[in-house]
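I opened this entry to keep track of what I looked up, one topic after another. The structure comes first and my notes follow.

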There are 4 protein chains.
Amino acid sequence: MKKISVAVLGATGTVGQKFITLLDGHPLFDVAELVASPRSAGKAYRDAANWKQPQPIPATIADKTVKSLDQKLESPVLFSGLDASVAGEAETRFAEAGHMVISNSRNHRMDPNVPIIIPEVNPDHFKILDTQPTTGKIVTNSNCSTMFLAMALAPLHRKYGLTKVQVTTLQAVSGGGYPGVPSLDILGNVVPYISGEEEKIEIEAVKILGSCDGKSLTPADFTVSAQCTRVPVIDGHTETVAFGLAANPSIEEVAETLRSFTGIPQEKQLPSAPRQPIIVTDEPDRPQPARDILLENGMATIVGRLRTCPIMGYKMVIMGHNTVRGAAGAAILNAETLHALGYIQA
Amino acid sequence: MKKISVAVLGATGTVGQKFITLLDGHPLFDVAELVASPRSAGKAYRDAANWKQPQPIPATIADKTVKSLDQKLESPVLFSGLDASVAGEAETRFAEAGHMVISNSRNHRMDPNVPIIIPEVNPDHFKILDTQPTTGKIVTNSNCSTMFLAMALAPLHRKYGLTKVQVTTLQAVSGGGYPGVPSLDILGNVVPYISGEEEKIEIEAVKILGSCDGKSLTPADFTVSAQCTRVPVIDGHTETVAFGLAANPSIEEVAETLRSFTGIPQEKQLPSAPRQPIIVTDEPDRPQPARDILLENGMATIVGRLRTCPIMGYKMVIMGHNTVRGAAGAAILNAETLHALGYIQA
Amino acid sequence: MKKISVAVLGATGTVGQKFITLLDGHPLFDVAELVASPRSAGKAYRDAANWKQPQPIPATIADKTVKSLDQKLESPVLFSGLDASVAGEAETRFAEAGHMVISNSRNHRMDPNVPIIIPEVNPDHFKILDTQPTTGKIVTNSNCSTMFLAMALAPLHRKYGLTKVQVTTLQAVSGGGYPGVPSLDILGNVVPYISGEEEKIEIEAVKILGSCDGKSLTPADFTVSAQCTRVPVIDGHTETVAFGLAANPSIEEVAETLRSFTGIPQEKQLPSAPRQPIIVTDEPDRPQPARDILLENGMATIVGRLRTCPIMGYKMVIMGHNTVRGAAGAAILNAETLHALGYIQA
Amino acid sequence: MKKISVAVLGATGTVGQKFITLLDGHPLFDVAELVASPRSAGKAYRDAANWKQPQPIPATIADKTVKSLDQKLESPVLFSGLDASVAGEAETRFAEAGHMVISNSRNHRMDPNVPIIIPEVNPDHFKILDTQPTTGKIVTNSNCSTMFLAMALAPLHRKYGLTKVQVTTLQAVSGGGYPGVPSLDILGNVVPYISGEEEKIEIEAVKILGSCDGKSLTPADFTVSAQCTRVPVIDGHTETVAFGLAANPSIEEVAETLRSFTGIPQEKQLPSAPRQPIIVTDEPDRPQPARDILLENGMATIVGRLRTCPIMGYKMVIMGHNTVRGAAGAAILNAETLHALGYIQA
């Protein structure tokens, strides 16, 4: 099968590097173009990128010349890990030029006709793409913290009806990019604030779990309240969640509902799909970032400590790999789903 | 003024070492006896203790011979940092022998006639001591996480009436004692579970904020729901709190109520009293353990990020020094208050 | 091909868990027996082990019943990750009973007729096994810090003649086992001492790089001086090394000598062999544990910062995965080599 | 006594903040002027500085208006914590304008007539100031790692004659300033490289321990070889040292020589002087940054693990507070010494 050429926008940054790592040897997509700021353009990738991944730069990538963000691109599909300072305008421009832009950036997430997709959860939201006025389209994935929350809540909302969600996040430093969080701020410390993060979680979660009639997206009608903290962890966001349901299932029923949840990626056995998108653990002290982020190659949402809450009804702890399922891996799975559904052709 | 002789029970352990450090040069109390398990008894303190404090062992203490927990003691006042495995029985025995036992251990906290005291909050609960059947008495302070929560909630409950409290803790490893948490479990990791901790917070907070008619203690009638995690921080527990109030004060009013809160320790200018028991910060990313635990010599509760919560009404982040105000310092301030109120005499 | 049954001694401990993880799906060896202290014996492995690996317990292992260390075993080959408190006597007993004991424990390393083997370096030392009086034999690998040092020095000693080696180690906490190093001792700290470690490095390195005439082992005649520290890193020992050579090669020649070094494991393409046992990096700030321990699946020794030393002649930084190449992986490669050389038969 | 007005150059940076913290309430010096880049100039200090110290900004400082580096200053004495990118030219200009510039910056350290002073070690080097052509003078202190090394070696060189010194440093992140080392680079990691650091140590140590005949400075004639690493520690540089001596003292004699070392700061009881500049510990696992940096208010050099080295003769571990004795505190003690010797008058 002929692979589909893709470009990585923001290829030298943290998310861009993760795209390149995860797309190395991908059965559907071939990284044909690396795009970065004019400062990096014209250099070999190995010289332009301050490579920070544990795996070496793929051999097919290392010597490729980096293109400039203002160049015309040839690849039909673009993965965007652009910084928010430039993503908004650039992504619009590429959509106008006919590209399918699969973005991890936050800029267009709240646009009324841009969906935030988790393919196990709301693939029906792809329909809104038809209302985008451009030849190409823009698809986004959620903020890294929202990803695990929306994933874990989706089967519960569908089956029992969510009424309210209280979440506290303990987020890893890789979520802040590079150089990102200074070591003097976080070594042996907790920072109880991440700019803009609480708002993103509160808004994105209800957009994802809302409905799409093909013309517009209607947010779900439960309330989310978030408190976000940064902790000295490299990868893996942990979240404590308390939530209310309209129905009154037992803890065992809730666990089983989470465990048995699957969607299009599992049915179609997409290359990056976790076999089990939500793993429920019974061990009392799990999930833990240092122990569990590699489950399902970093594509799982792990849920533990399911128990009753005397105020909200239910409590749980969720955790996932913020730079894989929470960022680059989410975008790649979105692309695989778009391909499976016929939005992208080879 | 003649100082009051005190003994430190569990003198070689983490809490015991903190008692010794904080009592060094104390104007009221003189550490006359060091008490530990039979294994340490008979040794010089410097040989018996695996000293872990940043300050050296006080010169007056280093060469003192450690006494055994089963010996008779002479000091009228005992500070107990005993391990829960032995504290229950030993503290009862010492109370029967006429000592005032000021304990940081959890064993007697939920006894119906043993008060959990925060002297700024519920000094009226000392009255319940009269109902204890022993010649001596047992007074406890709360669990370290409960301390900062109950302190920050006290002025709000008094003025506006609490209805419910949702709290997630990010607790430091020093709370687990020594050797405590293995480094393999916590370096670069989060452990979303601390055995028994959530129950303690949920029960102790309402006991402290309850009422005492001199004959019995009645818990406050709001509900607390806690989720506890351990993070790679040495000292300083951070807590995200969402809470509901019967009244509807503005954020500014809530802040002012917290800031202006004082109690007996401040009125009587007790030696270990923070001038301001609750410090409210307006900086967006505070409080932080690495930056704020030394405020008021570790005796303050620091509150930040006061804001509205779309579910509970109000949200805030609180933080305090878990081994000072959250443990040994709390017990010492209890003793100073008992002295100020005439329960302890020189 | 029929696999060879092996037992893992100390199967529930840190090294034992690593043996089980690395032997999962091994083409030559089949973990048939799990052996631990009498306390664990009789339990299912999943209940006996406090599993700390990032991968789950292999399905073929989880329900196996743990045997007791004092039982008779059936597997011809035993991998020993026993604690030093019991390894000495137990390993001797199993060798007497006819087993090939491949040990990661330190107890027999300095026995005159027990070799410390790095198969790329001193496979000729296997000859000393014939002088062991028992039916079975005992083979050891080196201490984790010695491994990377001896590996990096081996080609230099062979070609240029070492005269002296000054090494400072920065060792990961996983080297201390579980529970091992308390978090209160190492979070944000350096401990400049590891009991017995400096002696091991100084003695083992010259034993490994010495000669074997089939009757006895003669240590190499250069001197090693070691200083060992513990740092807050989970996996990966870093070592700064300064060394003198009898010859006077250029830095480029030294680098090339290291890069081109191979041995039996590479020639015979053994399953666990790194393709390149010594990787030399030119990047100014490498090797780093967080970035480089997974090279060659944790079986490589990474050398960087090769440069001249105004005192000793040469300086370099070396790093490797202490629980893989530095422990369980080393023992497994020893076993594969023994099999390739005919000491072990299916 | 009237205090001497001083300015802090680079007042908003990490070193500048430390100057301000350490000079708060100083008996000799009064911080009259705060100087920073034009970007900060004109603002209140509390707004210009991203304050990172555990103590709050001193009340006398918080509202002071920051001056621009290109303004004329009134204070006779200037403490410079300027960034190396501007320190060279600015300090020269201020010396020409008649100020006594006491600098922590590296720019002028290797100028032939600028001394690097450790007042306990080489106060005779102040004589070289007379050869500086400017009305004002420039005095520097050493690099943070050199400080503890030169201090510990000084009494040994004086008494026994050093021949060579091999040192490996494990340096804290605060040495890299703010934002400095990204958390993604150092959490759970070791970086075996700090740009320019090894050269500084190798050159500065022999300059400090060299001689001054009033006309020029002659470096000491032993060789230093350094390897520098960064570790995840906030404050406190640890160094493993192996060294040779011309004489052959016992370990006990070496320890006693270190312990009994004092100089002008101790004789004159200068305000910032440690009572004992070198503390020798016998505990096997000390010094440790987390336990020992506050000894002598951060102004001590702590030496441990004194023992013989089979190659160099002697080995030891040294440690000190890199931002106090290793930076701002060193400069302040230099200023106090200059005052005591009459170079600065009120």
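**Strands in chain C**

I began with strand 4 (residues 77-80) of chain C, which pairs with strand 5 of chain C in the parallel sense over four bridges; strands count as paired if DSSP finds at least two bridges between them. I note here that this is a predicted model, in which local features need pLDDT of at least 70 and side-chain atom pairs count only at pLDDT 80 or more, while totals for chains, interfaces and linings use all residues. Residues are numbered from 1 along each chain as its sequence is written, and chains are lettered from A and ligands numbered from 1 in the order in which they are written.

Helices (H or I, at least four residues) and strands (E, at least two) are DSSP runs, numbered from the N terminus. Within the pairing I found S80(C) opposite S103(C) in strand 5 of chain C. Strand 4 of chain C, helix 4 (residues 84-96) of chain C and strand 5 of chain C form a right-handed β-α-β unit, right-handed meaning that, with the strands pointing away from the viewer, the path from the first strand over the helix to the second runs clockwise.

I then followed strand 5 of chain C to strand 6 (residues 137-140) of chain C, to which it is joined by four bridges, the two running parallel; there M100(C) stands opposite K137(C). In strand 5 (residues 100-103) of chain C, M100(C) and I102(C) point one way and V101(C) and S103(C) the other, and all are buried (20 or more other C-beta atoms within 10 Å of a residue's own, with C-beta atoms placed from the backbone). In a regular strand the side chains alternate between the two faces of the sheet.

**An annotated site in chain A**

Which residues does UniProt give as "active site" in chain A? The unreviewed entry places this feature at C144(A) and H237(A), though such annotations may be inferred rather than shown by experiment. They span 94 residues in sequence, yet no two of their C-alpha atoms are more than 8.1 Å apart, so they gather at one spot.

I located C144(A) in helix 5 (residues 144-160) of chain A, and it counts as buried because 26 C-beta neighbours lie inside 10 Å. H237(A) lies in strand 11 (residues 237-245) of chain A and is also buried, with 29 other C-beta atoms within 10 Å. Leaving aside neighbours within four places in sequence, C144(A) is in contact (C-beta atoms, placed from the backbone, within 7 Å) with residues including H237(A), G175(A) and N322(A).

Conventions:
A residue is buried if 20 or more other C-beta atoms lie within 10 Å of its own, exposed if 12 or fewer, and partly exposed in between; C-beta atoms are placed from the backbone. Two residues are in contact if their C-beta atoms, placed from the backbone, lie within 7 Å.
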